Amino acid sequence: MATTEECRAALEKLSDNMQRAEGDVRSAAALDRSVSCHITDLDVTFVGRMAGGRIQVHDTLQGPPREKAQIRLIMTGDDLVSMVDGDLNFAKAWGSGRVKLHAGLRDLLVLRKLL
């Protein structure tokens, strides 16, 4: 089972990958939105902001998110690490329900380029 530190490191790696993206992916990464990532097996939530092509984690909270972020991810720590490492395909994990993504319709259309 991935630790809180490993999950935070995976989010940092995802942020770095977004920063280096080009083309349509770069434009999708340029969204300015509040973000939360609830790690179900650890029962922790990383909250922050997607801005300037990066994800900036501002806080780590125990339990589910306290406020509704504009972009919300829900998954296990192992799935987060595997997805960022390229071992888990986001679309397949999302389609099977392993990973949940909640956002407005407009944001979902833009985020599909990222994911």
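Student: What should I know about the model before reading the labels?

Tutor: This is a predicted model, in which local features need pLDDT of at least 70 and side-chain atom pairs count only at pLDDT 80 or more, while totals for chains, interfaces and linings use all residues. Residues are numbered from 1 along each chain as its sequence is written, and side-chain values use heavy atoms, with hydrogens and water left out.

Student: Which residues of H1 are buried?

Tutor: Cys-7, Ala-10, Leu-11, Ser-15 and Met-18 are buried. Buried means under 20% relative accessible area, exposed over 50%, and partly exposed in between (1.4 Å probe, protein chains only).

Student: Why are the buried residues of H1 said to line one face?

Tutor: Seen down the axis, they fall within an arc of 140°, so they line one face of the helix. The arc is taken over the directions from the helix axis to the C-beta atoms. Exposed residues Glu-5 and Arg-20 sit on the face of H1 turned away from the buried side.

Student: Why is Val-81 called partly exposed?

Tutor: Its relative accessible area is 21%, so Val-81 is partly exposed. Val-81 belongs to helix H3 (residues 77–85). Leaving aside neighbours within four places in sequence, Val-81 is in contact (heavy atoms within 4.5 Å) with Ala-2, Glu-6 and Ala-10.

Student: What makes His-38 buried?

Tutor: His-38 has 10% relative accessibility, so it counts as buried. His-38 is in strand S1 (residues 33–39), and its side chain reaches the backbone oxygen of Val-44 at 3.4 Å.

Student: How many aromatic pairs does a search of the whole structure find?

Tutor: The search finds 1.

Student: What makes the pair of Phe-90 and Trp-94 stacked?

Tutor: Rings of Phe, Tyr and Trp (its six-membered ring) pair if their centres lie within 6.5 Å; planes under 30 degrees apart count as stacked, over 60 as edge-to-face and the rest as tilted. Here the centres are 6.0 Å apart and the planes at 25°, so the pair is stacked. Phe-90 is buried at 7% relative accessibility, whereas Trp-94 is partly exposed at 42%.

Methods: Helices (H or I, at least four residues) and strands (E, at least two) are DSSP runs, numbered from the N terminus. A polar contact is a pair of N or O atoms within 3.5 Å; within protein, one must be able to donate a hydrogen and the other to accept it, and residues adjacent in sequence count only if both atoms are side-chain atoms.
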